[in-house]
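Work through these exercises with the model open. Each task is followed by its solution.

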Amino acid sequence: MAATEPIRSKKQLRELAGYFLEKGQIRNYTLVVMGMYTVLRISDLLRLTWSDVYDEERQTFRNEITVIEKKTKKQKTIALNKHILGALRQLYLHRRGEFIFANNRKEPKAISRVQAWRIIHAAVVELGITGKIACHSLRKTWGYHAVKDGNVSLAVIVDIYNHSNYEITKCYLGITQDERNEAYMGMELI
């Protein structure tokens, strides 16, 4: 079921985001940040437009967005946290056309899923991040850390992913036996 894996190391997450910032690639930085924090599939992320996140009339960024997921056809409302808003503010200064993740062509359109994969893959290879890491890893990463850190209830995590039960979510997030063992060994009850 799990063809890709979440990025399990927060240090590697920071390195991945920082990789694009250091290169001045704000669009790609924003792609990583929004991919991690919105939990959207790449196809939904790439369809986002500036009007989805920015209120032109009030000249301010929205606090949340509402999307209809392409795969499930379900409506989802997502709060935009300070990391997303910070990345969007930087990118907005360099916006090209209506799509947030616009290509660099004369007539800008959204980058393709293949191009998004190339962007993530090249950075992961250069940084030496191992595992089956791709665009979908960004979606899985949030849930993985939410479970591991224990700061989000399991019911909310299952709901955010639109899964029918926790077993599906657990498999989806790639919880390993090593991580289970770490939980057993780290628990102090008495």
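**Exercise 1.** Over which ring does the charged end of Arg 95 sit?

*Solution.* This is a predicted model: local features need pLDDT of at least 70, side-chain atom pairs count only at pLDDT 80 or more, and totals for chains, interfaces and linings use all residues. Residues are numbered from 1 along each chain as its sequence is written, and side-chain values use heavy atoms, without hydrogens and water.
- Apply the rule: NZ of Lys or CZ of Arg within 6 Å of the ring centre and within 35 degrees of the ring normal.
- The charged end of Arg 95 sits over the ring of Tyr 92, 3.8 Å from its centre.
- Lys 140 has its charged end over the ring of Tyr 172, 4.9 Å from the centre.

**Exercise 2.** Classify the ring pairs of Phe 61.

*Solution.*
- Rings of Phe, Tyr and Trp (its six-membered ring) pair if their centres lie within 6.5 Å; planes under 30 degrees apart are stacked, over 60 edge-to-face, the rest tilted.
- The count is seven aromatic pairs.
- Tyr 54 and Phe 61 have ring centres 4.9 Å apart and planes at 70°, so this pair is edge-to-face.
- Phe 61 and Tyr 92 have centres 5.6 Å apart and planes at 80°, so this pair is also edge-to-face.
- Ring pairs link Trp 50, Tyr 54, Phe 61 and Tyr 92 into a cluster.

**Exercise 3.** Is Cys 135 buried or exposed?

*Solution.*
- Buried means under 20% relative accessible area, exposed over 50%, partly exposed in between (1.4 Å probe, protein chains only).
- Cys 135 has 9% relative accessibility, so it counts as buried.
- Cys 171, at 40%, is partly exposed.
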